[in-house]
Amino acid sequence: MYPKTLQQLIESFKMLPGVGQKTAERYALTMLESNIEDLNEFASNLMNIKLNIKTCKVCHNLTETEICD
């Protein structure tokens with residue numbers, strides 16, 4: 001139904017909790033309509049949470065440092 005690249009994005013959105021086929025399609029189509037700057041920022045934010053967010057060694061809250069404030 002959709003081109004392969006769009007279908008792959010839909011499948012990626014479906015990995016999120018509570019996101020089914022229709023919602024994933026809406027998300028993917030919204031991304032398709034977005035400008036490149038917004039998409040780059042979105043992609044960067046996704047990568048940054050994985051690279052920068054850690055668990056505090058003391059209280060186990062989410063933080064960007066070894067020990068949270």
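Okay, housekeeping. Residues are numbered from 1 along each chain as its sequence is written, and side-chain values use heavy atoms, with hydrogens and water left out. Because the model is predicted, local features need pLDDT of at least 70 and side-chain atom pairs count only at pLDDT 80 or more, while totals for chains, interfaces and linings use all residues.

Let's start with the core. By nonpolar core I mean a set of buried Ala, Val, Leu, Ile, Met, Phe, Trp, Tyr and Cys residues joined through side-chain atoms within 4.5 Å; buried is under 20% relative accessible area, exposed is over 50%, and partly exposed is in between, with a 1.4 Å probe and protein chains only. The largest one has seven residues: Leu 6, Ile 10, Phe 13, Val 19, Ala 24, Ala 28 and Met 31. Helices α1 (4-14) and α2 (21-33) each give two or more of them. Helices here are DSSP runs of H or I, at least four residues, and strands are runs of E, at least two, numbered from the N terminus. Looking beyond four places in sequence, Met 31 touches Leu 9, Phe 13, Leu 39 and Phe 42, where contact means heavy atoms within 4.5 Å.

On to helix α3, residues 36-52. Asn 35 caps its N-terminal end, with a side-chain oxygen 3.2 Å from the backbone nitrogen of Glu 37.

Now the strands. His 60 sits in the loop between β1 (54-55) and β2. His 60 has a positive phi of about 70 degrees, though it's not a glycine, and at 57% relative accessibility it's exposed. Thr 63, in β2 (residues 62-63), is buried at 9%. The Thr 63 side chain reaches the backbone nitrogen of Thr 65 at 3.1 Å. Setting aside neighbours within four places in sequence, the contacts of Thr 63 include Cys 56 and Cys 68.

For Cys 68, the nearest cysteine sulfur is that of Cys 59, at 3.4 Å, and Cys 68 is in no disulfide either. Cys 56 is buried at 1%, whereas Cys 68 is partly exposed at 25%.

Methods
A polar contact is a pair of N or O atoms within 3.5 Å; within protein, one must be able to donate a hydrogen and the other to accept it, and residues adjacent in sequence count only if both atoms are side-chain atoms. A disulfide is a pair of cysteine sulfur atoms within 2.5 Å.
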